[in-house]
Amino acid sequence: MPFMGWLILLAVFVTGAWLCAGAMSSRPAGSSGTNQPVNAAVRSRDMKALNRQQLQKMLRHIATARPPAPKMGAMCYDMGPPPNRAEYVCPTCGEKTLYTQQQAYRVSWEVESCRRLLKEIPGGAVTLDESAWCRKCQPDVKEPALALRLRFDDGTTRTVEQVNPEQLRLLRDFFAGKLAVKGVEDMETPLKEKLGELEKLLGEKANPPKE
Ligand SMILES: [Zn+2]
């Protein structure tokens, strides 16, 4: 019975998620200080729009706080062979675009990862422009890529062309107030080592020149 099958799958998933959450929260608090939120004010902001001064403050914190030790990844999951074909479904117009080979891999891995990571950045100040992947929204694009859009509380926006999951991970952990970025296989790198990259993404500096 397919419905029962789904129910069982759901039950397994929910239990798994619960176990994972339990395992995470039972880690000794502050043992390494690696991924502890460092600035409660950062999290409590509603994140509907970004504040430039706040971003600078957060960047400065990363620049000056003692960086956590890097952590090696677990090397434990297998991604499987890349797909030969992948269908991109446009979230704006609903049009389906078929991709093959390298682009199929990018649709099924890069686009999916970026969407998933964006959901972990709350508020709506940070969004993705996927339209280059849709042949109806942007018919003339040869090499589709995702663009990142940042909305500021002074009414301006910033667009970063060609973003990848790596960069979204940086932003996710930065906005969560962490001092390290968690990469694939749970590898952790101090955000301090990525400060330049963060500054470039955000368009703000930890130590902006005085006006
Ligand atoms: Zn579209």
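Mentor: The conversation below moves from the overall layout to the helix contacts, the core and the sheets.

Mentor: Please note that this is a predicted model, in which local features need pLDDT of at least 70, side-chain atom pairs count only at pLDDT 80 or more, and totals for chains, interfaces and linings use all residues. Residues are numbered from 1 along each chain as its sequence is written.

Trainee: How many helices and strands are there in the protein?

Mentor: The protein has six helices and seven strands; helices (H or I, at least four residues) and strands (E, at least two) are DSSP runs, numbered from the N terminus. From the N terminus on, the order is α-α-α-β-β-α-β-β-β-α-β-β-α.

Trainee: What percentage of the 211 residues count as buried?

Mentor: The figure is 21%, where buried means 20 or more other C-beta atoms within 10 Å of the residue's own, with C-beta atoms placed from the backbone.

Trainee: On to helix packing. At what angle do α3 and α6 cross?

Mentor: The axes of α3 (residues 52-64) and α6 (residues 195-202) cross at roughly 175° and come within 11 Å. Axes are lines fitted to C-alpha atoms, for helices over the stretch in contact, and angles run from 0 to 180 degrees between N-to-C directions. That makes α3 roughly antiparallel to α6; angles over 145 degrees count as roughly antiparallel, under 35 as roughly parallel, 65 to 115 as roughly perpendicular and the rest as oblique.

Trainee: Which residues make that contact?

Mentor: L55, L59, I62 and A63 of α3 meet L195, L198, E199 and L202 of α6, a contact being two C-beta atoms, placed from the backbone, that lie within 7 Å. By class, this contact has seven nonpolar, no polar and one charged residues. Ala, Val, Leu, Ile, Met, Phe, Trp, Tyr, Cys and Pro count as nonpolar, Asp, Glu, Lys and Arg as charged, and the others, Gly among them, as polar.

Trainee: And α5 against α6: at what angle do they pack?

Mentor: α5 and α6 pack at about 90°, with their axes 10 Å apart. That makes α5 roughly perpendicular to α6. The contact is made by Q167, L170, L171 and F174 of α5 and E197, L198 and L201 of α6.

Trainee: What does L198 touch beyond its neighbours within four places in sequence?

Mentor: L198 is in contact with L59, L170, F174 and L191.

Trainee: Which residues touch the most other members of the largest nonpolar core?

Mentor: Y88, L171, F174, L191 and L198 do, in a core of 32 residues. Such a core is a set of buried Ala, Val, Leu, Ile, Met, Phe, Trp, Tyr and Cys residues joined through C-beta atoms within 7 Å. The largest share, five residues, comes from α5.

Trainee: Changing topic, what is the strand order in the open sheet of three strands?

Mentor: The order is β3-β4-β5, with antiparallel pairing; two strands pair if DSSP finds at least two bridges between them. The edge strands are β3 (126-129) and β5 (157-163). β4 and β5 are joined by five bridges, and L148 stands opposite V160 in β5.

Trainee: Which helix lies across that sheet's strands?

Mentor: α4 lies across β3, β4 and β5, running at about 160° to β3.

Trainee: How many bridges join β1 to β2?

Mentor: Five bridges join β1 to β2 (residues 96-100), and the two strands run antiparallel. In their hairpin, which has six residues between the strands, G94 takes a positive phi near 85°.

Terms used
Buried ≥ 20, exposed ≤ 12 C-beta atoms within 10 Å, placed from the backbone.
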